[in-house]
Every structure is written in structure tokens, then in C-alpha cells.
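Please consult the sequence and the structure alongside the text.

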Amino acid sequence: ADDRSEGLFTLGPQARAMTTPQDYAQQKAAASGSSFYYAFLFLPPERRAAITAFYAFCREVDDVVDEVSDPAVAATKLAWWRKEVGEAYAGRPSHPVTRALMPLAAEFDIRAAHLLAVVEGCETDLTQTRFLDYPALQRYCHLVAGVVGEVAANIFGRTQDTTVQYAHRLGLAMQLTNIIRDVGDDARRGRIYLPLAELQRFDVKAHELLRREAPWGYSERFTVLMRFQAERAHATFDEALALLPEADRVAQKPGLMMANIYRTLLREIESGGFAVLHQRIALTPLRKLWIATRTHLRGR
């Protein structure tokens, strides 16, 4: 990936043309094409502004790892983001996303520890390209997805402590789906997020994944491994939904929209025979919007 040398410390022409931090955050969130964005559309304005600014922060930090080719430069930029979080919570935000987020942070219980956990998760991506076993992968998922789920649940509105447990579990389920979808993309970057113990269990070699092409990557062994990953993701979705208290179900509809979009994607990958090494399977924007709308109307 290209190193966007101006990406975090100075703003390019497009960003400078935007009039407010909120405009910048909105553009960052919309440009990602993420499933999350479609759920945001159904929120009241203030909650939508909060989740958009928080998601834009996550995208900025994640882009450091995905778009900066030099690990030393990426580490420097992540260190800058750590400092920026401290400055922002001391009343001195300088980046558009933190300037958009800070006025809403206290109201929606978005704490510095949440933002720093996201930075820590991305730092893990810089220093670790393999995970020995599933517990190690879960610890990583907690930082990059569970914490994100918790913040989102707070913004959407919750009255029950169990909703936090639901949000962490749902974040894990969606991250497991991301890992399944991105096996090929991650391999292109030299990363394997599927636990090594499970590769060994199903006799799939790391070099087979890294080659990302037939006939070396795709095999019956690979299919069985991926089916195991998909079944665990489905089970985690089920566990998450079982934790959601009825009292918070209406407020948490945006999370349910995301769950349904991600689960549809997972089923699409399954029906396609897990052909994820040479391509990135995705749902169209129209289909994501349809799933979000259907969930909004049905409430589940």
C-alpha cells in the first residue's frame, strides 16, 4: 500500500476544503463503504454525529497500518495518535476527528481508554502477524472490535449492564467474519489471523495461504478449516444476540442491522465455497441498505 505521508499530520486539499470537523468525520465514515455506515443513517442526529466521529477515529488509526508501508513511520504515526488522545481529553484536540468527537464524548461515555485500546490494537497489527491460538486472537479482537462494540452500544443507548456483554460478543462475531473475508487480503500483507494451532489441526500450511492462488491455497483441508471458522462465527453471533436485554433491543437496532449485514456476508462467503484467497467478497451498498432498512422495520 502507498504511504500517505501527509495522512495524519497535515490535511490534504479535500480535507482543507471541508468547513467543519463534523464534515471531515462524515466524509471519512462515508468513504470507507463500511457496513457500519448504513446503520448510522437510522440514528437521531446527535447519536449519529457521535458514532460517525468515533468511527472516523477508528478508520484514521486503522488506515495507518493498512496504508503506510514503512513500519517505523506507522509506529510514529500511532504514537502521534496516542498523544492526540491525551491532548484531546485535556481540552486540546487538533485533528478534525477528535475535534468532532470531544464535544460528545462525555454525554455518550466515550473514554480515553476506549480510544487508546483501538490504537493498541492497531499497534498489534504492526508487531504481530500470527496468532498462536484462539485465546490470543480473542485478546486482539477485544481491542479492535469488542471495545468498538461497547462504545457503539453506549452511543446507541443502553440501560442494562448486560448490553455491554452483548456488544463485546457482537464485536467479536463481526471481527471473526472480517477475518474470514480477509484471509487473502491479509496474506498479501504477510498476515495470518487464523490461529496457527487451528491451521495445524486441519493440516493447512501457512505458505499455502500466503501464495493465495490455486491449486496451492484452495483444498479440501482449507474448506474444512474455513467451515470451522464460519461455524464459530455463527455461534458467536447467536451468543451475542442471546445476551441482548429486551429493554435495550429498540435502542440497539443499529447493532442488529450491522449483525444482519455481517451475517449475510458470512453466508455469502459460505455459499461461494470460501473463495476468499484471490478475492474480497462484499455485499453491494444497495443490499446493505436493504438489510438495514428491513432490520429497522422488523426490529430484529
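A residue is termed buried under 20% relative accessible area, exposed over 50%, and partly exposed in between (1.4 Å probe, protein chains only). This is a predicted model, in which local features need pLDDT of at least 70 and side-chain atom pairs count only at pLDDT 80 or more, while totals for chains, interfaces and linings use all residues. Residues are numbered from 1 along each chain as its sequence is written, and side-chain values use heavy atoms, with hydrogens and water left out.

**Backbone positions**
- Asp203, a residue other than glycine, has a positive phi near 60 degrees.
- Asp203 lies in the loop between helix 11 (196-201) and helix 12 (206-211); helices are DSSP runs (H or I, at least four residues) numbered from the N terminus.
- Asp203 counts as partly exposed because its relative accessibility is 40%.
- Phi of Phe274 is likewise positive, near 60 degrees, and this residue is placed in the loop between helix 14 (253-271) and helix 15 (285-298).
- Phe274 is buried, with a relative accessible area of 4%.

**Helix pair**
- Helix 9 (residues 162-181) packs with helix 13 (residues 220-243) at an angle of about 160 degrees, their axes 8 Å apart; axes are lines fitted to C-alpha atoms over the stretch in contact, and angles run from 0 to 180 degrees between N-to-C directions.
- Helix 9 is therefore roughly antiparallel to helix 13 (angles over 145 degrees).

**Contacts of Phe54**
- Phe54 touches Leu101, Ile110, Leu115, Val148, Val151 and Ile155, not counting residues up to four places away in sequence; contact means heavy atoms within 4.5 Å.

Technical notes:
Helix = DSSP H or I, 4+ residues; strand = E, 2+ residues; numbered from the N terminus. Parallel < 35°, antiparallel > 145°, perpendicular 65-115°, else oblique.
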